[in-house]
Amino acid sequence: MSLFRTKDFDAMRTASSHGGLKKVLGPVDLILMGIGAIVGTGIFVLTGSGASTAGPALALSFVVAAFACGFAALCYAEFASILPVAGGIYTYSYAILGELVAWMIGWDLILEYGLVTSAVSVGWSGYFQSLLGGFGLQIPVALSAAPGALPGVTTFFNLPAFLIMMTLTVMLSLGVRESTRINNVMVVVKIGVVLLFILVGAHHVAPANWHPFMPFGVNGVMSAAALVFFAFIGFDAVTTAAEEVKNPKRDLPIGIIGSLAICTVLYVVVSAIMTGIVPFAQFKGIDHPVSLALQFAGENWFAGFVDLGAILGMSTVILVMAFGQSRVLYAMSRDGLLPKKLSALNGAGTPIVATWLVGIVFGLLGALVPLQVLGELANIGTLAAFCLVSLAVIILRKRRPELHRAFRCPGVPVIPALAILFCGALMAFLSAITWIAFLIWLAIGLVVYFSYARHHSLLNQQ
């Protein structure tokens with residue numbers, strides 16, 4: 001049997017229409033889901049590391065990362081309009097590039113979505129402990145961070161990171177309608193906090209802090225872009241909800257592109273204000289840069305609101321990315337590539353085993369692995385997925401030009417080629433240890449495919 005056997009488009013649409021997932025999401029839900037997945041650790045935590053790497057040119061780093069995501073988003077939107085089926089890029093690849101490529105992308109998405117939830121849970125823990133400190137409360141040091149996360153301090157387990165993962169897993173178990181309502185409320189609150197930061201912080205900007213604008217040159221801008229790219233991860237999670245959207249061919253492109261555009265504007269403005277308030281060198285080693293900027297400006301009363309907004313913001317990221325992860329596992333299980341238990345649904349139409357597996361496994365990773373390691377691994381997995389979906393758009397235009405596309409990516413093959421170029425450039429600026437870990441993960445994926453997935457595939461049985 002060929003390693004590149006593909007699934008039939010019509011058969012996939014038929015299977016999705018009888019899959020048991022409930023169609024309850026509209027365009028506003030999808031935009032808020034995208035914003036919920038995007039605005040979180042990237043803006044509330046990683047802007048500190050980005051500022052110390054790029055200086056005031058951090059705003060430019062966000063623009064570079066946004067271009068990489070924007071080109072890829074146009075490719076995602078075309079696929080989502082053609083094939084509104086659960087699983088996102090994994091599903092699209094199965095129909096176009098073949099089973100082995102689809103498996104490797106699905107395996108890659110497990111790394112991306114899972115590690116994002118873990119990394120964000122660590123950032124959530126930092127802000128939560130900062131908020132507790134304002135009330136004179138403190139978690140035991142041994143349970144405040146992963147082993148080795150705090151130099152010179154003995155820590156064993158990040159308890160808050162693990163507990164937030166468990167809490168949000170319970171919410172996801174209630175069903176997509178209920179968890180979406182919770183997400184929408186939290187997104188509105190956190191966007192309100194970001195807008196208030198812009199209004200309050202703009203009055204304290206000292207333009208002298210923006211000079212020199214690029215203290216570390218182009219290399220600093222690109223290195224920061226490779227880091228803060230993490231801040232944009234999430235818009236692709238919208239596509240994993242395709243089977244639960246009322247009008248997916250119209251609403252999925254709106255959700256993908258709309259959420260990315262809104263978040264890009266917010267990131268550029270916030271980073272410019274931050275570096276205009278605080279000299280960039282003072283952000284080094286800071287895990288709560290937004291509230292630091294307000295404290296530096298003497299707006300201590302509002303710094304507590306930012307902590308609360310950050311906590312809600314990161315909660316929605318975990319919620320949406322864990323949702324996306326469970327839907328990828330559901331789709332792979334339904335295709336026979338993973339055990340059938342992972343596609344079992346509860347009464348609320350939720351893949352319950354997959355949901356809890358994601359919560360427990362990546363909750364433990366967040367509790368036991370430092371943030372920097374998690375963040376870079378999530379980035380390289382996402383960038384690889386974006387390159388593949390962009391390549392797939394070019395291939396599909398050649399192989400299946402007759403397919404109806406409710407949304408067409410403009411400028412093919414130029415736009416997909418630019419997506420590959422930008423994403424590849426950002427991958428080149430990631431550390432060698434990140435590349436080694438990523439290649440080891442892919443090697444493990446190949447072993448699992450040839451020892452289990454290939455033989456249990458529904459296509460193989462047919």
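Are Arg 397 and Glu 78 buried or exposed? Arg 397 is buried, as is Glu 78, where buried stands for under 20% relative accessible area, exposed for over 50% and partly exposed for values in between (1.4 Å probe, protein chains only). The model is predicted, so local features need pLDDT of at least 70 and side-chain atom pairs count only at pLDDT 80 or more, while totals for chains, interfaces and linings use all residues. Residues are numbered from 1 along each chain as its sequence is written, and side-chain values use heavy atoms, with hydrogens and water left out.

The side chains of Arg 397 and Glu 78 form a salt bridge (2.8 Å, N to O), defined as a side-chain nitrogen of Lys or Arg within 4 Å of a carboxyl oxygen of Asp or Glu. Glu 78, Arg 397 and Arg 405 are linked in a network of such bridges. Arg 405 counts as buried because its relative accessibility is 7%. Its side chain also reaches the backbone oxygen of Arg 400 at 3.2 Å, and a polar atom of that side chain lies 3.0 Å from the backbone oxygen of Leu 403.

The structure holds seven salt bridges. In another of them, the side chains of Asp 335 and Lys 7 meet (2.5 Å, N to O). Both Asp 335 and Lys 7 are buried. Asp 251 pairs with Arg 250 in a salt bridge, with the closest N and O atoms 2.6 Å apart. Asp 251 is buried, at a relative accessible area of 1%, whereas Arg 250, at 47%, is partly exposed.

Methods. A polar contact is a pair of N or O atoms within 3.5 Å; within protein, one must be able to donate a hydrogen and the other to accept it, and residues adjacent in sequence count only if both atoms are side-chain atoms.
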